[in-house]
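Here are my notes on the model, point by point. Have the coordinates open while you read.

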Amino acid sequence: MVKMANKKTRGPDKTQANTSDIVVKKLDDATDIVRQPPVFTNDSKYICIASGRQIGIYSVESADKVHSLEEHTFDVIGLAIKDDNILLSCDASGETIEWNINNGTTLKKAPLVVAGIKEFHSFHYPGNGKVLVATPSTYTTNMSSLWIVDSHTRPRKLFADIKSTPHSIAFGCNQGNGSLVVVALQDHSVVVKDITNGVDKKHMTDQRKFTCVALHSEKLIMATGDISGRILIWHDFVHKSRPVKTVYHWHTLPVNSVCFSSEGEYLYSGGSEKVMVKWRLGMSRKQFLPRMGSSIKYIVNAPDNICVATSHSDNAIRFIDSTNKINRAIIGLVKHDPIRGFADTEPIKESVMPTGLVFDPRSHGIFFNAQAGFLQLFDPQKNSLIFNMDVANRNVLTDERNLVIGNAEVLRVAVSPTGEWLATLEVWSNMSAGYHDMNLKFWRYDAVQANYELNTDVTMPHQDRVTALCFQPGLLGTEMPCLVSIGRDLKFKIWRLVDDTDIYRQKESWSCDVAGDFRKLTPSALSFSEDGSLMAIAFQDTVTLWDPTSINLNTTLSHTLVQEPIELMEFGRDNCFRYLVCASKSALYAWDVISQGLVWKVGQLHSSVRCLVPDPKSCYMAAVLQNSEVFVFSPSSSKPVHSVPKMNSSEPIAALFVPRPNPLASGPEWLINSRLLIVDDQQEFLCVDDVSSAGFNQKLTTPISHMDSLPWTPFSAMKAEKQISAAKQLVPVVHQTSGIQGYKSVQSLLETSASALPPMSRICSLFMSDLMIKHGPKAVTAKVNSVDRTSTDLPLSNGHIDSKTQDFSEETTLQKLLTLDCQWLVETVK
């Protein structure tokens with residue numbers, strides 16, 4: 001017989017509130033901030049960054065956000081500075097908005113009208129009222145057509161079948177006569193259009209594909225990068241069919257971005273080597289800024305030529321000063337690069353976010369993958385990154401040409417019930433050398449240093465890939481920490497904290513206590529009951545229930561209706577503690593572990609279940625399907641209490657219920673104490689929440705100060721923003737004590753010297769009586785008579801303790817205490 005905690009069960013489902021107010025929100029602060037290149041203002045004081053549908057205005061001096069612009073209903077595809085302190089933005093639907101950067105207000109809205117076009121890829125503003133937009137190509141997929149839109153003339157198509165990336169289009173070469181040259185990239189050629197003179201050119205080289213292009217602001221000079229790491233400088237490319245070219249070649253990987261300096265004397269380039277190269281045009285001299293953290297996607301130069309901003313694949317924008325050093329950075333949630341080398345049968349989650357989302361009860365944050373070998377802890381309430389944790393402690397290696405060099409990757413994470421212990425599993429493989437390394441590490445949180453310290457490092461904990469890690473919850477897991485791991489070597493292992501004291505110091509470490517298997521089957525899923533008294537391990541289509549203390553097999557659960565391997569498994573919470581929900585390739589079903597019977601089964605799902613997450617604050621669960629459908633249900637019933645249709649076109653890879661710091665006043669029961677967070681394969685965060693909730697996206701911003709826009713001088717540094725002509729007169733604070741019960745008695749007792757006080761037996765009764773709230777004799781008699789004095793049990797009201805009756809009993813006891821002799825108190829004090 002299975003032993004479970006003593007809990008009472010209730011009905012299967014409660015009457016749910018109206019779910020029409022439940023919406024799917026997007027965490028804009030967790031969105032990719034490097035999808036589009038940033039834009040500097042003309043005074044180089046601020047930088048504008050597109051982040052999904054939101055635009056952030058940041059101070060270049062402090063890297064703090066000063067404004068958040070949120071008027072677009074589609075993702076922003078381009079930004080530009082139209083005039084001084086006026087920002088022009090465009091979204092994927094073609095809506096353009098002009099903003100006042102000083103106060104963040106909307107000045108003007110207007111749609112881009114191109115006949116037959118409803119979707120736009122990129123947006124550029126060369127000035128003089130002209131706009132360049134890229135639209136989907138008519139004949140070729142994944143390619144674009146470039147249009148020029150003017151308020152006075154009809155839109156004209158400049159190029160067809162060009163690359164749709166923002167750094168594949170460039171404009172410039174204003175030679176002082178108002179001329180405008182536009183260039184765009186195709187795979188093996190560069191197409192050129194002189195708007196003023198109507199000249200068209202097409203330049204080709206060899207079979208090396210172009211990756212990026214940039215134009216000089218004044219001279220007829222063009223720079224292109226290709227997949228071999230080569231940079232070509234083209235001279236007089238508008239008028240000559242065979243222009244003179246200069247080759248700059250340092251990069252070994254494809255060049256991702258090239259950018260001219262403001263005066264055009266220097267050229268910046270960057271790629272996957274994580275190095276920014278600064279070239280002096282016409283000379284062989286160059287400077288390097290290495291170890292920039294991750295691959296460079298875009299390089300943007302400030303108009304004052306003092307600062308350069310680089311956008312990186314780790315979702316960060318770094319500022320480089322004139323001394324070629326990084327002095328500030330704007331860091332978003334780090335985007336984990338997909339792990340290459342996994343088999344096609346592996347789910348996409350294993351390469352994009354193998355750890356999933358793991359809740360940390362200590363900080364109320366979420367652990368998940370950062371760059372290779374790192375974990376990041378994100379606070380969803382404050383929309384801030386708590387810290388990045390280096391788990392692998394190895395250098396992050398870059399790929400070589402035609403060779404993929406793997407890095408150590410964190411594949412599994414588990415956190416103990418109190419948050420004191422953190423378990424990580426990292427894997428590093430070199431297929432060409434036939435080397436495979438695996439480490440299971442146990443980290444202990446140090447409250448003094450506010451960081452995790454490595455306690456135990458176990459090499460090759462399993463002989464094959466580890467599929468799950470889980471700490472034992474409940475009181476048992478708190479008193480005697482226990483971790484369970486399962487792997488494809490047909491083993492499950494139980495790790496316990498043991499005494500490892502030696503002659504040098506006292507310490508504790510983790511050791512494998514038990515290694516077991518079941519019928520030589522591969523374990524596929526693992527789950528603990530809410531109180532930690534029962535452990536369930538799925539072996540293909542069979543569920544085994546174990547006692548985690550004695551490691552005895554209690555029973556096995558199998559049924560003829562269940563014949564597919566179990567991929568996900570979770571115990572119910574709260575009043576559904578007895579139910580074990582399992583998900584296979586095409587079905588979802590629940591077991592009753594007490595009666596050992598199959599309760600319900602839902603087969604022929606529209607898509608396979610990608611995530612199965614329980615709510616720690618209620619009895620409900622959420623099943624997220626591969627086609628982005630979401631079902632919220634109680635494990636006791638197969639009928640969902642809420643369902644969300646297809647949210648977006650991306651595939652969900654992780655989900656988690658995040659507890660709220662303050663419960664909602666009203667709403668569905670499963671949303672009152674928690675909200676559902678979902679991550680898709682683009683690493684975008686979606687939140688299923690009540691429409692009345694404030695959500696994640698409220699974040700304080702700093703208003704722009706007028707002093708920030710003034711040029712810096714030694715005298716301006718000494719001048720205050722506000723000058724006060726006269727000092728404010730301080731007003732004394734008077735504490736109102738007239739309404740405080742017993743204040744006079746306490747004050748007289750403190751002001752009287754100890755030698756002049758009477759005996760305590762005389763003043764104690766009066767002192768306590770003065771502190772109590774007085775009631776009339778009729779009210780006290782009525783309250784006392786309403787209580788059954790012979791009963792020793794606490795009266796219940798609908799299953800809860802009646803607090804009013806308990807207060808009456810306490811008041812009666814205190815009234816009796818005042819009538820007693822207080823000599824006992826004097827003796828106790830003595």
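1. Which residues gather in a patch of negative charge on the surface? They are Asp43, Asp83, Asp84 and Asp304. For the bookkeeping: patches take residues with over 30% relative accessible area and no salt bridge, joining like charges within 9 Å and nonpolar side chains (Val, Leu, Ile, Met, Phe, Trp, Tyr) within 5 Å. Lys and Arg count as positive and Asp and Glu as negative, with His and the chain ends not counted. The charge is placed at NZ of Lys, CZ of Arg, CG of Asp or CD of Glu.

2. Before going further, some ground rules. This is a predicted model, in which local features need pLDDT of at least 70 and side-chain atom pairs count only at pLDDT 80 or more, while totals for chains, interfaces and linings use all residues. Residues are numbered from 1 along each chain as its sequence is written, and side-chain values use heavy atoms, with hydrogens and water left out.

3. Now the overall picture. The protein has nine helices and 58 strands; these are DSSP runs numbered from the N terminus, with helices being H or I of at least four residues and strands E of at least two. Of the 830 residues, 48% are buried. Here buried means under 20% relative accessible area, exposed over 50%, and partly exposed in between (1.4 Å probe, protein chains only). Among contacts with a separation of 6 or more, 46% are between residues 24 or more positions apart, a contact being heavy atoms within 4.5 Å. Areas come from the Shrake-Rupley method with a 1.4 Å probe, and for residues only the protein chains shown count as cover.

4. Back to Asp43 for a moment. You'll find Asp43 in the loop between strand 2 (39–40) and strand 3 (46–51). Its relative accessibility is 30%, so Asp43 is classed as partly exposed.

5. Next, Gln36. This residue sits in the loop between strand 1 (22–26) and strand 2. Gln36 is buried because its relative accessible area is 11%. Leaving out residues up to four places away in sequence, Gln36 touches Ala50, Val76, Ile77, Pro166 and Tyr298.

6. Beyond residues up to four places away in sequence, Tyr58 touches Lys45, Tyr46, Ile47, Ile49, Ala63, Asp64, Lys65, Val66 and Ile330. Tyr58 and Ser68 are 10 residues apart in sequence, and their C-alpha atoms are 9.1 Å apart.

7. Is Ser179 buried or exposed? Ser179 is buried, since its relative accessible area is 6%. The residue lies in the loop between strand 14 (169–172) and strand 15 (181–185). Its contacts, not counting residues up to four places away in sequence, are Gly172, Cys173, Asn174 and Thr196. From Ser179 to Ile195 is 16 residues in sequence and 7.1 Å in space, C-alpha to C-alpha.

8. On to salt bridges, meaning a side-chain nitrogen of Lys or Arg within 4 Å of a carboxyl oxygen of Asp or Glu. The count comes to 23. One of them pairs Arg362 with Asp360 at 3.3 Å, N to O. Arg362 is partly exposed at 27% relative accessibility, whereas Asp360 is buried at 0%.

9. How far apart are the closest N and O atoms of Arg444 and Glu508? They are 3.4 Å apart, in a salt bridge. Arg444 is in strand 36 (residues 435–446) and Glu508 in strand 41 (residues 508–516), so this pair ties together parts 64 residues apart in sequence. Arg444 is partly exposed at 29%, and Glu508 is partly exposed at 33%.

10. Asp689 and Arg660 also form a salt bridge, with the closest N and O atoms 2.5 Å apart. This pair links distant parts of the chain, 29 residues apart: Asp689 is in strand 56 (residues 685–690), and Arg660 is in the loop between strand 54 (652–659) and helix 3 (669–672). Both Asp689 and Arg660 are buried. Elsewhere, Asp206, Arg208, Asp226 and Arg230 are linked in a salt-bridge network.

11. Last, a nonpolar surface patch. Val746, Leu750 and Leu771 make it up, with about 260 Å² of accessible area together. Leu771 is in helix 6 (residues 760–771) and counts as partly exposed at 38% relative accessibility.
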